[in-house]
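Good morning. Please have the sequence and the model open.

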Amino acid sequence: MSFMPVILWSDALVFLLLAAGGVMAWSVRRREHLLLPWKRVAKNSTAMASLLVLSLFLIIGLLDTCHYRVALPEQNNGEAVYSPEVLSLFDKLVDPLRIHTEKTYSAPLAVTLYAKESMTDAQGRIVRDYPRLQYGGAHLGEVTQRDSDVLKRAILGAAAGALVGLLLIRVGRRRIPQRAVLVFILVIATVIGAAVNVAAVYHLLGTDKVGQDVLFLSLKSIRTGLIIGSVTTLVTLPLALFFGIAAGYFRGWIDDVIQYIYTVLSSIPSVLLIAAAVLMMQVTIDTHPEWFDTSASRADLRLVFLCLILGMTSWTGLCRLLRGETLKLRELEYIQAAQSFGVSSMRILSRHILPNVMHIVLIALVMDFSALVLAEAVLSYVGVGVDPSMISFGTMINGARLEMGREPMVWWALAAAFGFMLVLVLAANLFADAVRDAFDPRLSRTEM
Amino acid sequence: MPMLKVENLITTLRSGVAIVDGLSFDIAAGETFALLGESGCGKSITALSLLRLLPDGVANAGGSVQLDGVELSAMSEREMRAVRGGSMAMIFQEPGLSLNPVMTVGQQIAEVLELHCSDRDSPLLANEQRTIELLEQVGIPDPARRVREYPFQLSGGMKQRVMIAMALAGQPKLLIADEPTTALDVTIQAQVLELLRDTQQQSGMAMLLITHDLGVVAQTAHRVGVMYAGQIVEQASREQLFTQPLHPYTQKLFAALPEMRRRGETLAAIPGSVPPLGSVAQGCRFASRCDRVWEQCRVQSPQWIALADGRGVRCHLYQDRGARIGEPGARGEEGAFPVGEREGADEGCSIHVPRSMLLEVADLKVHFPIRKGLLQRVAGQVKAVDGVSLAIPRGRTLALVGESGCGKTTLGKALLQLVAPTAGSVRLAGGELVGLNARALRAQRSAMQMVFQDPYASLNPKMRVAEILEEGMSALNIGGDGAARQVHIDELLEKVGLDRAAKWRYPHEFSGGQRQRIAIARALAVSPQLLICDEPTSALDVSVQAQILNLLKMLQQELQLSYLFITHNLGVVEYLAHEVCVMYLGRIVERGTSEAVLRAPKHPYTQALLSAVPRIDGAGVARIRLEGELPSPANPPQGCHFAPRCAQVNDQCRRVYPEERVISAEHAVNCHLYSKSDGCG
């Protein structure tokens, strides 16, 4: 076997989430009344367009989640030795982007470095000029050919992308009634086609300080963002659900205790709490290097802990919401009917109250997602976020911030992180809006 | 010249389905026109169409509305704004929701005044004066003080009066009242209806009264239009309609009313429910529920047939110009059953053979502490139920009657131990329930179950019918294994008149009446001996109410169930109950057989309550005006609780709470007017 699959902690959690999502979708499909709001979401073209963007991000994130280690040629007593580097399917897919590192900064689509260097020319003289890049535009004979070559490649790529888009539309036209979504598919396919074709030989978004391709970094950051956004909910959900429902249903001293807990928690400045927790964890990790066989698993554990800590501080909002809703529900007559049958409290909570607050949970989760992605960026910028070796929007921004001050300015790393994050969060927000509207019983539903 | 003239009004959904389909009527100045119909027939949408305040997705699709000769549908939105609240005003159903809670009563009335009749010279002062006048006009005591109060400081009846004052502020030519008294108690309802009648007489405005209550129509309306599925099916003056209803639907509505003289009979319920919008493409919309249906009804939509003196009816039976009026089926035929033959026998056995008591309640108290201050010290007690004793024999129905807030529902829950009683005893079939722990109580749960008021809130929307029905059995561990329970569920559904296929469906697929059947089936699933029915029909339409009452009656005969029937609908009490307890402020003030209590009420409160119920025959029980409203149970009056509102009050009433006086073997009352000497007749 030439490779060994690796399942990091965060991978396992992502798969767990996927499985949970699959089970939920399956159970919703079988129940007409639960399916109804989702059908309303499916009718909304904004929602479907943003879902399309989200699923592109999701696919990249999932590909990036399937990790493995390659076997090295040498053997140790007949046992295969694996490389200490943990790769993912996504890395393999965009291998050129990963491997093609330049010396240092280069601007988007550039064929030379961003700064002049002293070079020895053919005659042996020392000249100061912009050296050619090792990979970016290396196929060009002359620097001046670049513009026409980029244009040609972009148009060719766009055409190929548009063709694929048209094919997709032909296949999907029956199932997707909205014109807007079809047009959107075409646009996205064209853009991706152009980008892929150009990125094959250029650094589409430039390179960073150590010469890594910024497009590659941005794409790798997606997984980190998605994990922060979704795995955190694994922590918040049980806490918020249990405490919220219990406080609302039991009232009395249970309610008091839970309310005190979340009031106290939400009055501690969360950045402070997170910083303290992350630093403590960092010390623990540093003193126990024997726990980790690769640096990736070390960075990953820190990411999982960050999710945990973020989750511990962010369940209070949902909890408060659920408590209020449960206070309302517990007075409803079907709860009283269950009480008069002597149904146990736990059963009332799980059979009667939980299914009836699920729509709130869902809306809150989708809305929280974008907030968490942004929170990661802020925390990593402050320096208490993910491991510095882990690629994320936050570390990208943190790395780029000092270069903003230099002249000429290095703007592309920041702009790329900004653009990708904006698209991701905007899509998530638009989708959350559509979901909230579809589940809102107060909006009139005259279309039905 | 009519004040309001509506011709061929059509209001549709965006999909083109008509909610209001070709409505024509007119109202003269000083006249009250009532739109009578069940829920979902388009009454409220009609009112909103007149004001052009339709909700999103509903649009006016044709017809003309003329107010005092001016066409409204041609007006611009700006002109329309002057009409709303000005020459046309509306009163809504729920007074608690139609006043803005953060504005004082005076500000809200002044807002209308500023918009529609501001006095240019000294607007502010004049408005204040006028506001006070208006509040005085609608009978609010001490208006100068009330002007500065907020809605939460007013009771329900007062809020509805304020709403009326706001409507009157613009000096409207037409007042639209959309179920103005549905959310109010009978005694308050009587006050509000009287106020509406008086104001109309003074100002000579036209009034459009929207209601589902035949009693309200009988008391208030001059002419009546009966609506069914978006159409007016019959239009007549009140006298004509109540002496001889023509349309089979109207006839059925009258026949479905529970009354004393229908005791022992099955009510003439209308089968099924109102068809969903747009579901009837051809033929008469009532055809599927009509028992006089013939081929033509299913094929051809009946035309409006105008009869003599302004009457009209939409029915194929009257095609040949009313020749069939007076044929069988008209109301005159109803009630021909001798009043009490079957019933007499029924009553007889209760007197001679003492039945064993199923439920005995002695001196039950439920007090809720009022906590105040930092340390949550108990500052007082809300005495929701304050020393109630009652007993229900097997297979009988005891009705608990009283206004909202008198503690009926709390009493019901205390019996089920859903609310812990403060003191007293509840003995079910001889076994004491108060003070049992949860485990011991669970063993007793199956004997006593509850049917709730709102069928829309009493079924979990996320559970299928089979799961709902099985829940009780599995919680109490009865009904055998899974297969046996499924068989039992099938039987239950059949028993309450539902299809077996219903068990795999969710509650939202059923109508209100069907849901209530499911709720009854759920209670029956654990084979109880006593059902506590908390206003089980108050959220249902008259025709569906009759179905449910018939079902309850049938189940009682079949299963020997006892019912504790909590209600404020005295018609239902007359029809169903064997015994009645009248409750006032947490205590029972009068008890006895329903015959005795309802025919010869002794307590002044019972007398007032009975006289406040609008009768459809308009029979002249002199109305006893009840002043004021129910006092707070946190601070009940000294002496007799009813003393502050009682017309026959004396000194003793204000000092001492009256003992129970026995009037006869089956009648007792707590009132000083009946001293021990002249009791025991």
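Let me begin with the contacts of one glycine. If we leave aside the neighbours within four places in sequence, B:Gly106 is in contact with B:Thr131, B:Val147 and B:Arg148. Keep in mind that this is a predicted model.

Where does this glycine sit? B:Gly106 belongs to helix α4 of chain B, which covers residues 105–116. Is B:Gly106 buried or exposed? There are 21 other C-beta atoms within 10 Å of B:Gly106. The cut-off for buried is 20 or more, so B:Gly106 counts as buried.

Next, a pair of helices, still in chain B. Two packed helices are described by the angle between their axes and the distance between the axes. The pair here is α7, residues 156–169, and α8, residues 186–203, both of chain B. Their axes come within 10 Å and cross at roughly 15°. Angles under 35 degrees count as roughly parallel, and α7(B) and α8(B) are therefore roughly parallel to each other. The crossing of α7(B) and α8(B) is right-handed.

Which residues make the contact? From α7(B) they are B:Gly156, B:Gly157, B:Gln160, B:Arg161, B:Ile164 and B:Leu168. From α8(B) they are B:Ile188, B:Gln191, B:Val192, B:Leu195 and B:Thr199. Sorted by type, the residues of this contact of α7(B) with α8(B) are five nonpolar, five polar and one charged.

Now to the place where the chains meet. On one side are 17 residues of chain A, in contact with 28 residues of chain B. Which elements of chain A give two or more residues to that side? They are α13 (333–340) and α14 (345–382) of chain A. The largest share comes from α13(A), with seven residues. By type, the side of chain A that touches chain B has seven nonpolar residues, nine polar and one charged.

Last, chain A as a whole. Chain A has 16 helices and five strands. Its C-alpha trace spans about 100 × 60 × 55 Å along its principal axes. Chain A has 448 residues, of which 39% count as buried. Among contacts in chain A with a separation of 6 or more, 71% are between residues 24 or more positions apart.

That is the end of my part.

How values were computed
Residues numbered from 1 in each chain as written. Chains lettered and ligands numbered in written order. Predicted model: local features only at pLDDT ≥ 70, side-chain atom pairs only at ≥ 80, totals over all residues. Axes fitted to C-alpha atoms, helices over the stretch in contact; angles between N-to-C directions. Helix = DSSP H or I, 4+ residues; strand = E, 2+ residues; numbered from the N terminus. Parallel < 35°, antiparallel > 145°, perpendicular 65-115°, else oblique. Left-handed = near helix turned anticlockwise from the far one by under 90°. Contact = placed C-beta atoms within 7 Å. Nonpolar A, V, L, I, M, F, W, Y, C, P; charged D, E, K, R; others polar. Buried ≥ 20, exposed ≤ 12 C-beta atoms within 10 Å, placed from the backbone.
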